[in-house]
Every structure is written in C-alpha cells, then in structure tokens.
Amino acid sequence: MKEKYPLFQVMGKDGKWQDQTYEKELNEAKVKSLYYHMLRIRTYDQKGVALQRQGRIGTYVPFAGQEAAQVGSALALGEEDWMFPTYRDHGASLAFGADLDMMLLHWNGRIEGCLPSRKKHIMPASIPIATHLPHATGAAMAETYKGSKNATIAYFGDGATSEGDFHEGLNIASVFKAPVVFFNQNNGYAISLPVEKQMNSETIAQKAEAYGIPGIRVDGMDVLAVYIAVQQALDKAKRGEGPTLIEAVTMRFGAHTTADDPSKYRNQDEINQKSEVVDPLIRIEKHMKGRHIWDSAWQSSLSEEIGEELDNAISRMENYQKPVVSDMFDYVFEKPTWTIAKQRQQIISRGGRG
C-alpha cells in the first residue's frame, strides 16, 4: 500500500542519490553554496553556546541538527520574499542575509538586535509560539494585493501545531490562496514533550487536509530535498495556487535552550550516538565526495574564513557602545504606567543611563 505522505529524499544517509531528477538543478555551485551556509551556521551555533557558557551572552537557543532544514529552505527564497522566523531560526535568517552583527547583539540582550533587517524582508524572531503564522499569511496576502510575485515562508516547530494560531493561519491562507509556505521543523520535541504525546496523527503534513491544501513530508536532514521541496512550494504559491504545509522531519541534537537539561526527559547518550549517523553536514559531505566535487583544501579555507568572520563579529559585539538600560521601559506602552515610570527612575538613580 502506497504511503500517503512519503518522506521525500534526494540523497540518502550515505549521501548517494535517491532521486537524480534534480541533478542538473543541484549543480556543483548550488551544492557548494548549501554546504557553505550549513558550515557557517553550524560554526555560529557552536560559538553561541560557548559564549553563553562563558557568560558573554544571555540564554541562547541552539539549532544543531537542523542546519539542512534551515539552509535548504532559506536558499530557496527569492530576494524579495518574506521570512517569518521563530527563536530557533537564526540559522535560516543568516543564510537568507540577516546581519551577523545585529544577530549577535540580539543574543547579547541589546534592543538594536531586535530591529527588522533593512537588507531583507526578515521579521524579528517570534518568541510566542505560532502567533506569527497569521501575520505571515497577512504579509503574503498583502503581496498579492500589491500585484507582486513575492511569497512568504513561516517557520514553526511541532509544538506550534497545538496552538490555535496554527489553525487560524492555515485556514485564512487556504481561503484566500495566500502565497505562503508553512515550514514545520519537526525535531521530535516541544521543549520536553515528545511529539507522540502531543498528537495522535501520524504526521504533521496530514494536517493540511483539513484546510484543502497540499501537505508534504520531507527529510529535514537532507538539504537537497528541503531546497527542492520549498522551491517547488514557493513556485506554486507565486503562480497563485495557494499555500503549502511542509513538514521537515529533523532532529535537535542538543538542548531546547542553554537553560535546559535534555537528559531529564530523553536519553542524551542515544541522541549523541544517532547524531553522528544522521548529521546533515556529514551527509552532504558524503554526497559531494560521491560526485567528486569535494575539496579538503577548499573546506579548510571555508572553515578559516568563517571562523575569522565570527571572531571579528563577536569582538564588535563586545566593544559595542554601552546600552541605554532605561530602553527596557520605554517601549512597553505608548504612555508609561506609574509603575513602569517608577521602575525606570529607580534604574536611572542607581546609575543606569536615562
């Protein structure tokens, strides 16, 4: 019996072709670009965790294991498309062109790092779960009303599918044929809750049926498959054929955040062992070696270049002008309540800048 929502793959765990239909499209330049961005955000993520452990930034949200899902989807976007990320999608944002310095300032707790990108249509990361999905639908509808061919991608985790905003966003998008791709990264856990305890449906992709839109399940550790699936969904949206729900089955190697201890709710030793087998960077490296487009000297040069770029950006972050502490009170309400005004004055009287 044919599986209704099969896992779309372009390359297997061994890096070999599962579907050579897209070989011409996934040429050497494209594959090397995908690898570069995956290596860049993996290095960024490792430094982010290290900076938090050293007390140089606040709580950090790691995404190791999800590089293929984030890079493959981000690089499928057009220059004028919109991205609506969550707090775990800074890898996708960087791959799409977000400013590295501003991203680091964000994790450093600086208000400057929370401003939308001026280079690309990247919205600030959504911290509340699923609340940005109706917003992404609205932005996509606005592009249609303007007569553009731009589309929107909205990122969210498996836990977001239990929120009302998920259903509202999909329903509105379906009714108005909004050019939006709902990109779910199913990493198996909503913080500590495993997906099988959160829903009774076999897949997230099948939830699309309720709204009369396509649902696609893709191997989220296969960057080539993610790129093709998202590109096709975006092309469909731009032709006026409405939204698509994509479930990228991926894996979160580490903690939910640096304030989390994943060993409390799962066997982390098993996860660590499995990660060595399914690592998306190792998979694409095997694929490139199989196609004879892998160059160790090139990879070493990339690593050195990326490391230098990140070290310089971290140095700039740590030498950035001192923060205006009172900023945290100034943008809560249009007119500050007396309690906020009092707290602001207390901070200033203790030496905070006003």
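Me: Why are helices H1 and H10 called oblique to each other?

Reply: In this predicted model, the axes of H1 (residues 28-53) and H10 come within 10 Å and cross at roughly 45 degrees, an axis being a line fitted to C-alpha atoms over the stretch in contact, with angles running from 0 to 180 degrees between N-to-C directions. Angles under 35 degrees count as roughly parallel, over 145 as roughly antiparallel, 65 to 115 as roughly perpendicular and the rest as oblique, and H1 and H10 are therefore oblique to each other. The crossing of H1 and H10 is right-handed, the term for a near helix turned clockwise from the far one by less than a right angle.

Me: Which residues of H1 and H10 meet?

Reply: With contact taken as heavy atoms within 4.5 Å, the residues of H1 that meet H10 include Tyr35, Tyr36, Leu39, Arg40 and Tyr44, and among their partners in H10 are Trp298, Leu302, Ile306, Leu310 and Ile314. The residues of this contact divide into 10 nonpolar, four polar and six charged, where Asp, Glu, Lys and Arg are the charged kinds, Ala, Val, Leu, Ile, Met, Phe, Trp, Tyr, Cys and Pro the nonpolar ones, and the others, Gly among them, polar.

Me: What makes H4 oblique to H10?

Reply: Helix H4 (residues 100-107) packs against H10 (residues 296-318) at an angle of about 55 degrees, with the axes 9 Å apart, and that angle makes H4 oblique to H10. The crossing of H4 and H10 is right-handed. On the H4 side the contact is made by Leu100, Asp101, Leu104 and Leu105, while the H10 side includes Glu309, Leu310 and Ala313; the residues of the contact divide into seven nonpolar, no polar and three charged.

Me: How do you know whether Ser93 is buried or exposed?

Reply: Ser93, which is found in helix H3 (residues 90-96), has a relative accessibility of 4%, so Ser93 counts as buried, given that buried means under 20% relative accessible area, exposed over 50% and partly exposed in between, with a 1.4 Å probe and protein chains only. Leaving aside residues up to four places away in sequence, Ser93 touches Met83, Pro85, Ala98, Met103 and Ile122.

Me: Why does Val195 count as buried?

Reply: Val195 lies in the loop between strand S7 (193-194) and strand S8 (215-219), and because its relative accessibility is 18%, Val195 counts as buried. Val195 touches Asp158, Asn186 and Gly188, not counting residues up to four places away in sequence.

Me: Which residues have the most contacts inside the largest nonpolar core?

Reply: Such a core is a set of buried Ala, Val, Leu, Ile, Met, Phe, Trp, Tyr and Cys residues joined through side-chain atoms within 4.5 Å, and the largest has 67 residues, with Tyr44, Met83, Phe183, Val223 and Ile284 having the most contacts inside it. Helix H7 (residues 223-238) supplies the largest share of this core, 11 residues. A second, separate core of 21 residues includes Ala130, Ala178, Ala208 and Tyr211.

Me: What is the phi of Ala130?

Reply: Phi of Ala130 is near 75 degrees, a positive value in a residue other than glycine. Ala130 lies in the loop between strand S3 (121-122) and helix H5 (132-146), and Ala130 is buried, with a relative accessible area of 1%.

Me: How do you know which residues and atoms were used?

Reply: Residues are numbered from 1 along each chain as its sequence is written, and side-chain values use heavy atoms, with hydrogens and water left out. Local features need pLDDT of at least 70 and side-chain atom pairs count only at pLDDT 80 or more, whereas totals for chains, interfaces and linings use all residues.

Definitions and conventions: Helices (H or I, at least four residues) and strands (E, at least two) are DSSP runs, numbered from the N terminus.
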